[in-house]
Each structure stands twice: as C-alpha cells, then as structure tokens.
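Here's a quick walk through one protein chain. Have the viewer open and follow along, heading by heading.

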Amino acid sequence: KVAIKGIERELICPACKELFTHPLILPCQHNVCHKCVKEILFAFEDSFADGGSESSNQSSPRIRISASSMDRIDRINRSGRKRNSLTPRSTLFPCPGCQRDIDLGERGINGLFRNFTLETIVERYRQAARAAIAIMCDFCKPPPQESTKSCMDCSASYCNECFKIHHPWGTVKAQHEYVGPTTNFRPKILMCPEHEMERVNMYCEICRRPVCHLCKLGGGHANHRVTTMSTAYKTLKEKLSKDIEYLISKESQVKAHITQLDLLLKETECNSERAKQEASQSFEKLYHVLEEKKSAALRAIETSKNVRLEKLQTQVEEYQGLLENNGLVGYAQEVLKETDPSCFVQTAKQLHVRIQKATESLKSFRPAAETTFEDFVVDTAKQEDILGDLSFHSSGLEIPEINEEQSRMYNKALISWECPGKTDSADIYVLEYHKLNKEEESVTWQKTEVCGKSKVLSDLDDDSSYAFRVRGYKGSICSPWSREVIMRTPPAPVFSFLFDDKCGYNNEHLQLNPRRTSVESRAGFPLLLGSERLQVGCYTTLDYIIGDTGIAKGKHFWAFHVETYSYLVKVGVVPSNKIQKLFHNTHDVTSPRYEQDSGHDSGSEDAFFDSSQPCTLVTLGMKKFFIPATPAAPKDPASRILPLPSCLGICLDCDRGRVGFYDAGRMKCLYECEVDCSGIMYPAFALMGGAAVHLEEAVTARYREYHDDI
C-alpha cells in the first residue's frame, strides 16, 4: 500500500496551490477546484468588459493566474469574441495545468464531471493529516459533541444521540446509508451533467468520459464509439493495475534514477557556483581595467591642469609687473632717477629691451594656455555598445546567417535567416537593423524579438539602405552576431495592380492565370499563321497587355519577373490617351528596319521609330536587357546589352516626368528617360513568341507575419 502522505503533490490544485475542493475534470483530463474554475472564468469574462485589465485578477486572492494565462485572455479578447451574444457559443477556459485554452462547450462549467474518486483520496489525506482532530456533530447545541457517524444521504455528521433523533426507527431515514465521520459526501449515483435526470451508464472512448443513453442517442456523442460502464471499469482498472505493477517492479530502477538526479542536483549547485565565480572574476577584470583607465585619464587631466595654471600664473605676474610702481614699470621708474650717464646707460639698455617686449605682448594679447579640455573628452560610445551586448557566449549555439536570396525588399521588408547546421538550436532570435546615414556619427540599432526564422518589417523609409544582423538566444546564452547584410528599399511606394483582361487583351495569343498576376504568350498555331509575313520582310506583331489601374500623380514603383526562356518582352508605361493607338499601331512590328536594337544606325529610321511609338518601352529577351538606342546611349550595340536581372522594377515619377528601369534585387537603376505624363499612366507589357511575365507579389501575400504572443 502506498502511504497516503506521500502523494500530496498529486492532490494540489494547479490554480490555488491548495488541496482540491470539489474538483472538476476538464476535457484535457486535468483537475481544478470547482471554486477555482468559477473564479478563473469570472476573471476571463471580466477581461472582456474592462479590456483585460490586471485588476480583474486581483479581485480573487484564492487563485493565481499566470502571466501566460493573462496573455491568452488578452489574445482571445483581441480576436473579437463578444459577451452576451444571442447565438450559441462555446466557453474557452485557460487550463492552469497544461497552459492551453480548453473548449468547455456551450454548457460551460455545467458540463463538467466532479472527480469523486479524487475527493475521496483528498479526504483520506486530510484525515491522515489531522488524525487528532475530531469531526464535530452538525446538530448538537453548543458545545457540539464529537460525531460518531456521517449520513451519506443527508450529507451531515451526527453524534449517537442526534443520529437517533434524526433517523428514528420505522421511518424512511432509518434506511439511510451511514459511514464513519467524514466531510466528504458523494452521491450514490453519478448523474449526467447534460441530462440531469439521467444516470451515466456508458463510457465514450473518443471523449474519454462517462455519458448517458441520451448523449448517445441524440447528443454530442451520437456518432462516437461507446462501451458499457462495467466494461470500461474492468478495462481501465486492469490497465491501471498493470501500469502500477510495472512501476512497482521498477522500484530499484526508479531509486537509481533518483540517486542519479540527486548527484546532478549537487553537480548543478557546484557548477553554478563555479560559473558565478568565473563571471565575477571576468567583471572584476573589467573593473580593474576601467579603474586603471580612469586613474590614467584623471592623472593626465590633473597634469595638464597644473601646467596650464603655471603658465597662466606666470603670465599674470608678468602683466602685474606692467602696472605703475609695480614690477618692471616700478623698476624702470627707479632707473630713470639715475643721474650718472654712464651708470644709466649701462642699466637702461637691457631694461629697454624688456620694456619693448612687454609693449609688444600688450599689443597682441594671447593667453599662455587654453582653458578648455576638449582634447581630454573620453569617447565611450563603442565601448558602451560592446558592454550592452555583453552576454554569455556558447560555442554550442550556432551563428545564424541572413539568407539574402529568401529576403526581400518590396512593399515591406522580409528578412529570413537560417543556421548553418540546419538545426533550430536557439529558443528566440533578436533581429537588429538601422538606416545607413553618412551624416550620423553614432549608430542606433532598432531591435525586435522573433520566435521563428523570418520577420516582416513595415517601418522602413523608401529609397534607403539598411543594415541587418541577427543573433540567437537560448536561455541566458546568446550566439555572436551574424554578418551584417545591407539591403535597399524601393525608390518609391509600391504600386499594386493586376493585368487587365478586358482592354485590348488578346486571349488567342496571351493566357492569364486566374489571379491575373501572370501572363504568358502562346507560341502556337496562330503565331505560325502570322509567320507568313516573313516573305515580305517583317515579323509578327507584339501582343500588348496593360495594368488594370492607372497613375495620375506622384512617384510609384512596381516589380515583376520575366521567365528566362522568354524570346521577346517589352515593358514600360503608356498614357491613357494612347492606349487605342497602342493596340492598333501598324508600325509596331519587329522588323530589321524598325527594330530599335537591330544594330542599324540610320538616323532617319530611328527618328521615325521614336516618333511612331505611343508608349515608352524597353526590350528584354534571351536573358538580356537592351538599353534603348538614344543620343545619350553608347554607340556600340554590345555595350547596351546587359544581363537580365532575376527581378525587374519600374519607377514612374509623374511629377518630374521620368521613368526608370531597375534591377529590383539590388534596387539599382539600369536606364532612365523622360516620359510624357500628361494623361493617366498605365503599366504596359508586350510579348512575342514563348514568353511569360509574373508580377511581384506583396510580402504579406505569401508570408505570414508572426506576433510576439505566438
């Protein structure tokens, strides 16, 4: 038999940290006092009325709701759950045992079972703990007598005389069940909490709880697998007995583990003291270095002060000598009283030189020493940053590395990182970033904590460069900072649009995806029919498609990807008053005479070509970016051909009348030109042959921003 006093830890309520009082079984199989459940639910509901204030938890000194539970209350409160709703809703309960939000169903606390077995064990524990304390009669006049028996039907304790009075022979009460003195009164029959007039007679194997026949017929357990109560009793008792026998048979192994754990406890104590001592020694070394530096700095300042004071004091004495009847002037006045010419000349020559020097110094007065100590200002900014980052370093914690390929700068910044060993050894990461500014002498890092390995930032300025670094934390141990990565934001706010499937869209040659974010040219049978014009010296026409949203003013940026297999793609902008001309332009053919990038240098042809174009476009294709042939462009065609970036961007400045084409991965401008922005401007694309264009999606469209409370 297990000693009743050795199981106290199993009899403590996780909410009030006291012995259970009328414990209820939660769906997660943890037990909580009936009063604690009501108080937690009260605090839970009260948080919705007062915005989750901390005062709601202070009204009940019995329970101790942890900070994590209050955080979950605040999170559910923010999700928009309304109180006193007319529609049926389930009740969420923050279990203090497993720290999870448990769904109690529509009946809430009324749908929970009392754990009578646990109540009996707690009562036996209380009786063992207070063996010398008697249970008094509930019906005796003061002073009450010690009870001798308790009636399970009346839920009261009696002495012999009171029991005879309240349970006379020949009455119904005489048939009541009585036991020894106790304070634990449990019903004879366990009733269903959902159907209060029905006794439980089955056990749901899915929900692992007793149910009645109405629950099985039409209640919440209609489709669940159930068994009879006797079968469940026998099965569970056999399993529990076998498990207990197994644990008892492993008693020697358990004792060995306990001995090993005791040694580990002592070893932990010793190692912690050693770590404290080593940390103290490290800080003492720092203190010693700082004290030496402090003493040296103070000595240097004191020495400089003494030298300066001595110089200034000497200068004061010299100028005091220039006063009448004092010093040099007084001495000179006395020399003038000499009447002997030979003696006067002998003395006056040297004196005259001194008087001249004093006169010159008086005309150009300068202090003999500086009064400021600007050269003795100690710059500790870098040292403060280093000391601010002072923490425990461990060689076992890997240094994270920012993945520049997965990181993106678009409407928001997505910063992703990974560990070289592909193992998530850190519990939390700290991401720091700052804007690169040459004018600022000191750098101020902005810090954010992240639970995962990516973070979305939305507070960055446009057309700016930022430095990023990350480090991992595991408890109080942190890894060194990762290598700093510099990324640049787009030159203007991101402009969102989709491909227009109505205005001029040629569905025979072009194919849009359902979301209208990708377009692909079909190099099929219609293109072969169009190739008959090769006999007359020109190629097939381009198929145009524009964006469904226009720009009237301001500066905007958008990005897109061109598939590497694309043969010919043109990208740019078109004004609204020239859209019809764009889709019906007879000169919009890629002919050797009209092709801007064909290498023909005929000025008349280029002029005709430029004047005939209704929109501003650049040519892409065959993994190349072609800079248009303009007077400012290089004459050598080879120098106008650049490698095609993986992501291209267009920046339209309607106020300045300029459009720029960018390498969106590095935010570097490849080509910029003037554009007529008199009308509403639309993004324009043209494809021919096998080609495809995909619009860059917003960061939040594919990535989820995780908050600190997950």
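## Overall picture

Helices (H or I, at least four residues) and strands (E, at least two) are DSSP runs, numbered from the N terminus. Over residues 258-285 the chain is 100% helix and 0% strand, with its end C-alpha atoms 40 Å apart. That stretch carries the annotation "coiled-coil region" in an unreviewed UniProt entry; such annotations may be inferred rather than shown by experiment, feature names are shortened, and positions follow the numbering used here.

This is a predicted model, where local features need pLDDT of at least 70 and side-chain atom pairs pLDDT 80 or more, while totals for chains, interfaces and linings use all residues. Residues are numbered from 1 along each chain as its sequence is written, and side-chain values use heavy atoms, leaving out hydrogens and water.

The protein has 15 helices and 34 strands. Of its 710 residues, 35% count as buried (under 20% relative accessible area, with exposed over 50% and partly exposed in between; 1.4 Å probe, protein chains only).

## A greasy spot on the surface

Phe283, Leu286, Tyr287, Leu290, Leu387 and Leu390 make up a nonpolar surface patch with about 570 Å² of accessible area together. Areas come from the Shrake-Rupley method with a 1.4 Å probe, and for residues only the protein chains shown count as cover. Patch members have over 30% relative accessible area and no salt bridge; nonpolar side chains (Val, Leu, Ile, Met, Phe, Trp, Tyr) are joined within 5 Å, like charges within 9 Å.

Helix H8 (residues 251-320) gives the most to the patch, with four residues. Leucine 390 sits in the loop between helix H11 (381-388) and strand S12 (392-393), and is partly exposed at 45% relative accessible area.

## Salt bridges

The structure holds 20 salt bridges, each a side-chain nitrogen of Lys or Arg within 4 Å of a carboxyl oxygen of Asp or Glu. In helix H8, lysine 255 and glutamate 251 lie four residues apart, about one turn of the helix, and their side chains pair up at 3.4 Å, N to O. Glutamate 251 is partly exposed, at 42%.

Glutamate 205 and arginine 225 also meet in a salt bridge, at 2.6 Å, N to O. They're 20 residues apart, with glutamate 205 in the loop between strands S9 (202-204) and S10 (209-211), and arginine 225 in the loop between helix H6 (213-218) and strand S11 (226-228).

Aspartate 663 bridges to arginine 666, with the closest N and O atoms 3.0 Å apart. Aspartate 663 counts as buried at 10% relative accessibility, whereas arginine 666 counts as exposed at 53%.
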